[in-house]
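User: I have a chain on my screen and would like to understand the words used to describe it. Could you take me through them?

Analyst: Gladly, let's look at it together.

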Amino acid sequence: MFARSFIRQTGRQATRAFSTARASNNSLRNVAFGVGAAAALGATALATKPVHLDAPQSTIAGTEGTFSERSFVMIKPDGVSRQIVGKIISRFEERGYKLVAVKTVTPSKELAKEHYIDLAARPFYPGLVEYITSGTPVVALVWEGKDVIRQGRRMVGATNPLQSDPGSIRGTYAVSVGRNIIHASDSFESATKEIGLWFNEKELSNYQPIAWPWIFSDN
């Protein structure tokens, strides 16, 4: 009697132990599966999520936001005809920017159209192309230095000279939108396009003016 009771009790305990062990094993398997699935999903997300690099982009316009940043500046036919090229160049030199390329060009229609291609849908586009290719040359320049694109635009002034700040190039020398003397790149992307359109790499000089450390040092 006692033996039969002992056997039944032992059997029930063994069954409970087996059930507990099986449940524990199932839990472990579920945890392992969850971890594996999460890892797989994470790997998939990493594989499909675009990676954004913080390193600044370098092009023919130098490296954006650094001392090597470059901007394209063009003195238009009216600026050349009025013989104020030297005064305009002096503005950039006196500010501390470095002239790395300069040449006089009589643009072809193809060059002018490509330069102003973003304005092709505007009604004044044909007249703008005619004006730039009128036969009077333009002076193409590349300036280098910290924040030269944004600061260059401020030095040039608003497109409409009547809205330009006094002391800016257009605010000093121009009145009409159609004869506003000068062009300057408005972004790093446009500087890259415009420098590459008017110059090749071999025409860009790499040197350090003697005053360079005194102008651009951040200590």
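User: What makes residues in α6 count as buried, and which ones are they?

Analyst: In α6, the buried residues are V148, I149, Q151, G152, M155 and V156. Buried means a relative accessible area under 20%, exposed means over 50%, and partly exposed is in between, with a 1.4 Å probe and protein chains only. Please keep in mind that this is a predicted model, in which local features need pLDDT of at least 70, side-chain atom pairs count only at pLDDT 80 or more, and totals for chains, interfaces and linings use all residues. Residues are numbered from 1 along each chain as its sequence is written, and side-chain values use heavy atoms, with hydrogens and water left out.

User: What do the buried residues of α6 pack against?

Analyst: Their partners are β3 (70-75), α3, β5 (138-144), α7 (169-173), β6 and α8 (188-198). The names come from DSSP runs numbered from the N terminus: helices are H or I with at least four residues, and strands are E with at least two. On that basis the chain has 9 helices and 6 strands. Just after α6, G157 has a positive phi of about 100°.

User: Why are α3 and α6 called oblique to each other?

Analyst: The axes of α3 (residues 85-95) and α6 (residues 148-156) cross at roughly 135° and come within 11 Å. Axes here are lines fitted to C-alpha atoms, for helices over the stretch in contact, and angles run from 0 to 180 degrees between N-to-C directions. Angles under 35 degrees count as roughly parallel, over 145 as roughly antiparallel, 65 to 115 as roughly perpendicular, and the rest as oblique. The angle of roughly 135° falls in that remainder, so α3 and α6 are oblique. Their crossing is also right-handed, a term for the near helix being turned clockwise from the far one by less than a right angle, with anticlockwise giving left-handed.

User: Which residues make that contact, and how do they divide by type?

Analyst: From α3 there are R91, F92 and R95, which meet Q151, G152, M155 and V156 of α6. Contact means heavy atoms within 4.5 Å. These residues divide into 3 nonpolar, 2 polar and 2 charged. Ala, Val, Leu, Ile, Met, Phe, Trp, Tyr, Cys and Pro count as nonpolar, Asp, Glu, Lys and Arg as charged, and the others, Gly among them, as polar.

User: How do you know that H183 is buried, and what does the UniProt record say about it?

Analyst: H183 has 12% relative accessibility, so it counts as buried. This residue is found in strand β6 (residues 182-184). UniProt places the feature "active site" at H183, in an unreviewed entry; such annotations may be inferred rather than shown by experiment, feature names are shortened, and positions are given in the numbering used here. Not counting residues up to four places away in sequence, H183 touches F72, V73, M74, K76, H115, Y116, R170 and E194.

User: Why is P77 called buried, and what surrounds it?

Analyst: P77 has a relative accessible area of 4%, so it is buried. P77 lies in helix α2 (residues 77-81). Leaving aside neighbours within four places in sequence, P77 is in contact with Y131, I132, S134, T136, P137 and V138. P77 and T136 are 59 residues apart in sequence, yet 5.4 Å apart in space, C-alpha to C-alpha.

User: What puts D147, Q83 and S217 into their accessibility classes?

Analyst: D147 has a relative accessible area of 21%, so it is partly exposed. S217 is at 43%, so it also counts as partly exposed. Q83 is at 71%, so it counts as exposed.

User: Where do D147 and Q83 sit, and what is phi for each?

Analyst: D147 is in the loop between β5 and α6, and it has a positive phi of about 60° although it is not a glycine. Q83 is in the loop between α2 and α3, with phi near 60°, a positive value in a residue other than glycine. Leaving aside neighbours within four places in sequence, D147 is in contact with T66, E69, Y97 and G152.
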